[in-house]
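Me: Please take a close look at a single strand in this structure. I want its pairing, its sheet and its packing, in short sentences.

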2 protein chains.
Amino acid sequence: MPRINLDSIEPVNRTGYPTPFNRELAGRWYRRLAPTSGLTDFGVSHVVLKPGSWSSQRHWHEGEDEFLVMLEGEAVLAEDDCEILLKAGDCAAWPKGSTNGHHLRNESERDCAFIVVGGGTSTGGGYSDIDMMFTADGRYIHKDGTPYGNATRP
Amino acid sequence: MPRINLDSIEPVNRTGYPTPFNRELAGRWYRRLAPTSGLTDFGVSHVVLKPGSWSSQRHWHEGEDEFLVMLEGEAVLAEDDCEILLKAGDCAAWPKGSTNGHHLRNESERDCAFIVVGGGTSTGGGYSDIDMMFTADGRYIHKDGTPYGNATRP
């Protein structure tokens, strides 16, 4: 059946971010839904953020659109110019190529959960608040191009 | 801001289905979210089904993956071999090419709402329960290839 049994997919909280940029993500637990359900045209993740956790460092994609819908709880969506609260049912979209970085922070006292969809082609992107970028082949580099050791996106 | 103001997008309930296949869709109200938010890598719709309404005739896509997450209320998901109830938070996925047609029917007494994502390339598809198919260029035809007048997908 096409209904996805979330309980059958082990949530993971790994990230390839080099220290110390991984610290705020310790309470981000995600399940990748596309591999187990046979989808190849776009990626889908079910994400739970524990209180205090971030979805990512504030970032943007050069070649991939992103879409998010909040399922439970609430989180602060932060961008260059503002912060807003996303609640259950709220939707947000980030077209590729915009360099206004975004992320979600759970500043509440309970878990929040959302679905995030990504499509397009991985051609790299950047981070707004830290000296880091990611390459088309998934490596993390400084903004001057030097690598962060062997750190790669999971 | 990337938060999508659903209230600013007029919901529509049009369908290109020829009569009588459009009747069960009279209570399907959808908002296309990608055009207003600049997404091009995949399509996203926010859909409300009034009690008694269907999401579509039971169908499948040759070249497009589909993903759905239920936001509110509940609906019956029907396929060739079974029916199951989808409730808020439930996710479902339909990889392209599977000819096991699907649709949702709101058999409850209150509205349900969901997000549906579609990606890939429109190469046509079919309907499981009626003498109809749709072509890559969006026309509706009988299974013997003869057209249904000028009916096209909206």
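Reply: Start with strand β4 (residues 66–72) of chain A, which runs antiparallel to β7(A) and is joined to it by four bridges. Strands here are DSSP runs of E, at least two residues long, numbered from the N terminus. Two strands pair if DSSP finds at least two bridges between them. One bridge links A:Glu66 to A:Trp94 in β7(A).

The model is predicted: local features need pLDDT of at least 70, side-chain atom pairs count only at pLDDT 80 or more, and totals for chains, interfaces and linings use all residues. Residues are numbered from 1 along each chain as its sequence is written, chains are lettered from A and ligands numbered from 1 in the order in which they are written, and side-chain values use heavy atoms, with hydrogens and water left out.

Now the sheet. β4 belongs to an open sheet of five strands in chain A, ordered β1-β2-β9-β4-β7, with antiparallel pairing. Its edge strands are β1 (28–32) and β7 (91–94) of chain A, and each pairs on one side only. Neighbouring strands are turned by 20° against each other on average, direction ignored. These angles are taken between axes, lines fitted to C-alpha atoms; by definition they run from 0 to 180 degrees between N-to-C directions.

Next, packing. The largest nonpolar core has 30 residues, and A:Phe67, A:Ile115, B:Phe67 and B:Ile115 touch the most other members. Such a core is a set of buried Ala, Val, Leu, Ile, Met, Phe, Trp, Tyr and Cys residues joined through side-chain atoms within 4.5 Å. Buried means under 20% relative accessible area, with a 1.4 Å probe and protein chains only. β4, β7 and β9 (112–118) of chain A each give two or more residues to this core, as do β4 (64–72), β7 (91–94) and β9 (112–120) of chain B.

B:Ile115 is in contact with residues of both chains, including A:Phe67, A:Val69, A:Cys91, B:Phe67 and B:Leu71, leaving aside its neighbours within four places in sequence. Contact means heavy atoms within 4.5 Å.

Last, the symmetry. Chain A superposes on chain B by a rotation of 180° with 0.0 Å of shift along the axis (RMSD 0.0 Å). That is the relation of a two-fold axis. A:Leu71 is the residue of chain A that comes closest to the rotation axis, at 3.4 Å (C-alpha). The copies meet through the same surface, because 100% of the interface residues of chain A are also interface residues in chain B.

Conventions: Copies are superposed by least squares on the C-alpha atoms of residues with pLDDT of at least 70 in both. Buried means under 20% relative accessible area, exposed over 50%, partly exposed in between (1.4 Å probe, protein chains only).
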